[in-house]
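Dear colleague,

I am handing over the structure we spoke about, and I would be grateful if you could look through it before reading on. My notes on what was found in it follow below.

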Amino acid sequence: MTRPVRALIDLVALQHNFKRVSDFSPHSKIMAVIKADGYGHGILRIARALDEADGFAVASIEEGLLLRNAGINKPVFLLTGFHHGDELNELHKYNLTPVIHSHEQLSRLARWKKTTDAKKELNIWCKLDTGMHRVGFDPDEITIIQNQINDIENVNLAGIMSHLANADHPNDDNGQESKTDEQILLFTQSVKSLSLEKSLANSAGIVAWQKSHFDWVRPGIMLYGSSPVLDKKATDLGLLPVMTLESEIISIKKMKKHDAIGYGGDWTCPEDMSVAVVAIGYGDGYPRSATTGTPVAINGKRTQVLGRVSMDMITVDLRGFEHARIGDRVELWGQNIPVDEIAAFCNTISYELMCQVTSRVPRISNRDAG
Ligand SMILES: *Cc1c(COP(=O)(O)O)cnc(C)c1O
C-alpha cells in the first residue's frame with residue numbers, strides 16, 4: 001500500500017487569493033511569483049491555474065523553460081537574471097526576461113554573441129538595491145547603467161525593480177520614517193525620470209504599503225494563502241490556504257502512565273492514555289522542530305504532536321479521541337490549522353515549510369481529479 005501522505009492543492013483557493021491581490025492593487029499588473037516549484041505546490045499546476053496573471057517570476061532558466069515548454073507564453077521574469085553568458089541565446093530564443101543585478105552580468109551582456117537569428121531584442125530588467133543589501137545596482141548608478149545597456153545591440157532595458165526588506169513589519173507610527181518608507185522613497189526618486197516599467201512590492205508591500213505598488217506587483221506567499229505581514233492573520237486578509245498537508249493514523253496504542261514516546265523518550269505519558277502513530281515525518285518535509293505541543297487535526301479536531309518527529313512517523317495525543325480509528329485523516333496544516341501557526345511553533349516561516357515538502361509527497365489538486 002502506498003503511504004497515505006499527500007498535499008492537497010486547492011486551485012480554487014489559489015484563484016481566490018489571486019483575486020485578493022488585484023483587490024489590494026487594482027492599478028498594477030500582477031507578476032505571480034512561482035519560483036521554488038511554485039513554493040512547493042508544483043510550478044506548472046500553479047501557472048496554469050493563474051491564467052489571469054500578467055506574467056510569472058521564477059528563479060532559474062530551468063523553471064522558465066519548463067513554463068515555455070508547457071506552452072505558457074506570458075512574460076516570464078528570472079529574478080536573479082542569468083548565471084552564465086551561454087544562457088543568453090536560450091533566454092532570447094524563449095523570450096525569457098532576466099532581471100540583472102550586477103556589473104558582471106552587464107559585461108556578459110555586452111560580450112553576448114547572438115546566435116539566434118530572430119530580429120527581436122532581448123528584453124531585460126534591472127534590479128536596484130534600495131536597502132535590502134542583497135543584490136542590485138546602486139541607485140546612483142542607474143543613468144550610467146541605462147546608457148551602457150542602450151549601447152548594447154539587441155538588448156532592451158524594459159523595466160526596473162527593487163525588493164523590500166522589512167515590509168512585513170507594520171509602520172510603527174512613532175513619527176519616524178520606517179525602513180520600508182525609506183526604501184519606497186529612494187525607489188520613487190531613483191526611477192521617477194525613467195520611462196521604464198517599475199516594480200517594488202512583494203506580498204507584504206501589496207497588503208500593507210500601497211505606495212509600493214507601481215506598475216507591477218510581485219505576489220508570492222499570499223497567493224498560497226499565508227499572511228505576509230506580522231500583525232495580521234491570513235483570514236484577516238481574506239486569504240485561503242492552498243496546500244493541505246495530510247496523512248492518516250497507521251497505529252493506535254494504549255500507553256501506561258510514565259511510558260516514554262519515540263526517540264530519546266522526550267515525552268512521557270502523564271497518565272494511562274491512547275496515542276496514535278501518523279504516517280508523516282521529516283522525510284516528507286514535516287519539520288523536525290515540530291516537537292510536543294505542535295497542533296495537528298484528526299478528522300478536523302485539534303490535538304498535538306508528542307515527542308520527536310521521526311523520518312516517516314509522528315506520534316499524536318489521542319486523549320479525547322475515543323472514536324479514533326486507523327485510517328482516520330490527520331491534517332498537519334491547511335484547512336484547519338494555518339501553516340503560519342505551525343511556522344510560529346517551529347520558529348520558521350510558512351515559505352520554508354511549504355518549500356520543504358519533499359518530492360515523495362504526491363501533490364493532488366482539485367483539477368487533477370476533475
Ligand atoms: C520571492 C520574491 C517575491 C515574492 O515575495 P513574497 O514575500 O513571497 O510575496 C517578490 N520579489 C522578489 C524579487 C522575490 O525574490
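**Ligand contacts and cysteines**

A nitrogen atom of the ligand lies 2.9 Å from an N or O atom in the side chain of R218, which falls within the cut-off for a polar contact, a pair of N or O atoms within 3.5 Å. An oxygen atom of the ligand is 2.6 Å from an N or O atom in the side chain of Y351, and an oxygen atom of the ligand is 2.8 Å from a polar backbone atom of I221. Taken alone, the ligand exposes 390 Å², of which the protein buries 92% (Shrake-Rupley areas with a 1.4 Å probe).

Please bear in mind that this is a predicted model, in which local features need pLDDT of at least 70 and side-chain atom pairs count only at pLDDT 80 or more, whereas totals for chains, interfaces and linings use all residues. Residues are numbered from 1 along each chain as its sequence is written, and side-chain values use heavy atoms, with hydrogens and water left out.

In total, 13 residues surround the ligand (each with a heavy atom within 4 Å of it), and the closest are K35, Y39, S203, I221 and Y351. By class, this shell has 6 nonpolar, 4 polar and 3 charged residues.

As for the cysteines, the structure holds 0 disulfides (pairs of cysteine sulfur atoms within 2.5 Å). The sulfur of C346 is 15 Å from the closest cysteine sulfur, that of C355, which is too far for a bond. C346 is also buried, at 7% relative accessibility (buried means under 20% relative accessible area, with a 1.4 Å probe and protein chains only), and C269 is buried with a relative accessible area of 1%.

Methods
Polar contact = N/O pair within 3.5 Å; in protein donor to acceptor, adjacent residues only side chain to side chain. Nonpolar A, V, L, I, M, F, W, Y, C, P; charged D, E, K, R; others polar. Buried < 20%, exposed > 50% of the residue type's maximum accessible area, 1.4 Å probe, protein only.
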